[in-house]
Amino acid sequence: MSGHTDEGDERLAAEGEVAVARLAIDSGDLTHAAEHLCDAILADPQLPELHEALAELCAAAGGPAAARELFPLDGQVYLGTAVCRAHVEAAAGDWDTAVGLLASAIRYEPARPWAHTAWLAREDLPGLVDPDAVAQAVARATGTLPDPLPAEPADAVRPFHDFVLAVLAHHGDHVPLLAMASGLTRRLGDTARAVELAERAHRSAPGYLSAVMLGNALRSAGRPERALAVWEAELERAAPGVEDNSSYLAVDVAELYGALGRPAEGLPWLDRVLAAEPDHPKAGPARYGLRHALDGDPAHLLGLADHHRAHPEHEYAQELLERLSHREPWLGLVSGATEATVNVLHQVLAAPDTDRDTEIDCTTSTMEPPSSVLAVRLALPRSTVGYQAVGEPDPRLPLIEPTTRIWTWDGTDARPAVAPPAPRSAELVRATAEIFWPTVPAAYDHAVRLAGLPLDDLLGVLVHPPAPREDELGRALLAHQPELWVRAVQVFACLGIAHHRTDQPWEDSERRRVLRDLLLGPEDWVVEAAAFALVAIGWTEPRTRTDVAGLLRQRLHHGARARRTRAVTILRSLSALVLVAPWMAEEDRALARHLTAREDAADTGAAEAEAESGPEPAQGPEAAVSTAAEPRPGRLRRLFGRR
């Protein structure tokens, strides 16, 4: 429904612009008329009245050739101007220029039906154009198109593709056009035809362009080994430095080895490029990517972030970091919760008759993070959660004497120790919090909008989280996984704290003191949120890494010791955070890996894993790691229904 409304609005807007343009033509103000037609063509490129008015404008100007000056291409050229000029050039019979301008429009807005125009479909047009100009136009159009094209832009681009193939019927031995047509055909999903066109080009004139396009077509057609053979043969043929772009082809070869699960075979190609060009914009980032494929160590992702900070013009480092961080816990999304209370909440929310009035009266065997109760009450506000035992060491106690407290307890019942945030502050956090982010530095940068909030409000939102946003994702979170929203709010509140008073030197700053207090405070999801904020600071400010490592180490080792005698539900997530802080000491990272493996073993019931030895936390033999099982839903006393 909304799509039709948008189309209707666009048509109305275009019709209004055309009406004003016609009034301007009648009054002799042709420049003003041209401006309105440029706006109209952006709104509805296929509006018949628009093209009629464009013809009227050309006639009033003294013909299409004279009308060119109404749509200048010097200086900053707007899209509407370029498209109108394309139609004027076509009317003037300058087909090569017209096709080139249409290709530019496709490049910048491929989903718009620029190519759905009568003159491009003329049967005689393929014989009237210069194949060199058409090849250049195809290269221009496809330069930024995704591969493959989604359905909507594919439909919009198809008439241009049909025209290109018709030109090939007249110039079937034109190598650049064959190669470029292969790339366009590949993006439209016809990989077999794309291979055929590229092979014809490569047979006629083996060289860099045809080899690249043939390899791309073969790779898309599911023949990567053949693509490697073509590309490696071309790299052997072209002596180093002879082909300006051969280094980029070597990067493609290396990354194709990585895609085939053989990254070690790709690394020598990158080393060869970097030996000749140490500052190559793609080879250095690609090397981090292949090394990550070899061992999965987040240190290589940190290397990408550091590389991009040092070379912001190397956009590939950022692109690769986003790709490798995508949907990875803490690297690209908030880590999930494992508490038994949350497991029960999921079961209740999955029941078909559950609504906001459904109640859970839930008792767990040992105390869990108080934020888990926030998640329960966010979705089912009339519910209660209780605990049979506290566990030792007492999770309510901070590791240090803090100056910041956000929880207080009445026995085992936690209460916020800070006031709710001001409504405007809560709303800004609500608008800012996300469960996904492109990269760790991107999450840190996104939270800068919270830098101006009072510190008390950022602390208040940790224990008084606002409801999810009223959008599709927010409604889904509230209905199925409210804990992710609570955790996202806490993460971004802590990131907001990370931006508090950044004019203060880190070591003595208020932001460090507060994040330290939260990290080393009572056992809660806020500990994880503060840890992530500290990790994000370390990713973006290398000088803080040693200090951040010391703080994370203190929390990790405390969790490992506590795990000897009770469940520590945040330990897996805390270990993951240590592992995405690769500057930490190897003994701490080894402990984090060991703890993760033990948690995995406990989850799968692999009793034999309990006997395996591994790194132990610091502070003597009493710190050996235990593998006591976590609470499970079966260990809960659950009473839920309606009142």
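Predicted model: local features only at pLDDT ≥ 70, side-chain atom pairs only at ≥ 80, totals over all residues.
Local features need pLDDT of at least 70 and side-chain atom pairs count only at pLDDT 80 or more, while totals for chains, interfaces and linings use all residues. Residues are numbered from 1 along each chain as its sequence is written, and side-chain values use heavy atoms, leaving out hydrogens and water.

Let's start inside. A nonpolar core is a set of buried Ala, Val, Leu, Ile, Met, Phe, Trp, Tyr and Cys residues joined through side-chain atoms within 4.5 Å; buried means under 20% relative accessible area, with a 1.4 Å probe and protein chains only. The largest one has 197 residues, and Leu57, Phe160, Leu495, Leu518 and Trp539 touch the most other members. Helix α26 (residues 525-540) gives this core its largest share, 13 residues. Helices here are DSSP runs (H or I, at least four residues), numbered from the N terminus.

Now follow Leu518 to its own helix, α25 (residues 510-519). Leu518 is one of the buried residues of α25, and 7 of the 10 residues in this helix are buried. Among the elements covering them are α22 (455-463), α24 (482-498), α26 and α27 (545-562), where contact means heavy atoms within 4.5 Å.

Finally, look at α15 (residues 283-295) and α17 (residues 315-325). Their axes, lines fitted to C-alpha atoms over the stretch in contact, with angles from 0 to 180 degrees between N-to-C directions, come within 9 Å and cross at roughly 20 degrees. Angles under 35 degrees count as roughly parallel, so α15 and α17 are roughly parallel to each other. Pro285, Ala286, Gly289 and His292 of α15 meet Tyr316, Ala317, Leu320 and Leu324 of α17.

Conventions. Buried < 20%, exposed > 50% of the residue type's maximum accessible area, 1.4 Å probe, protein only. Helix = DSSP H or I, 4+ residues; strand = E, 2+ residues; numbered from the N terminus. Parallel < 35°, antiparallel > 145°, perpendicular 65-115°, else oblique.
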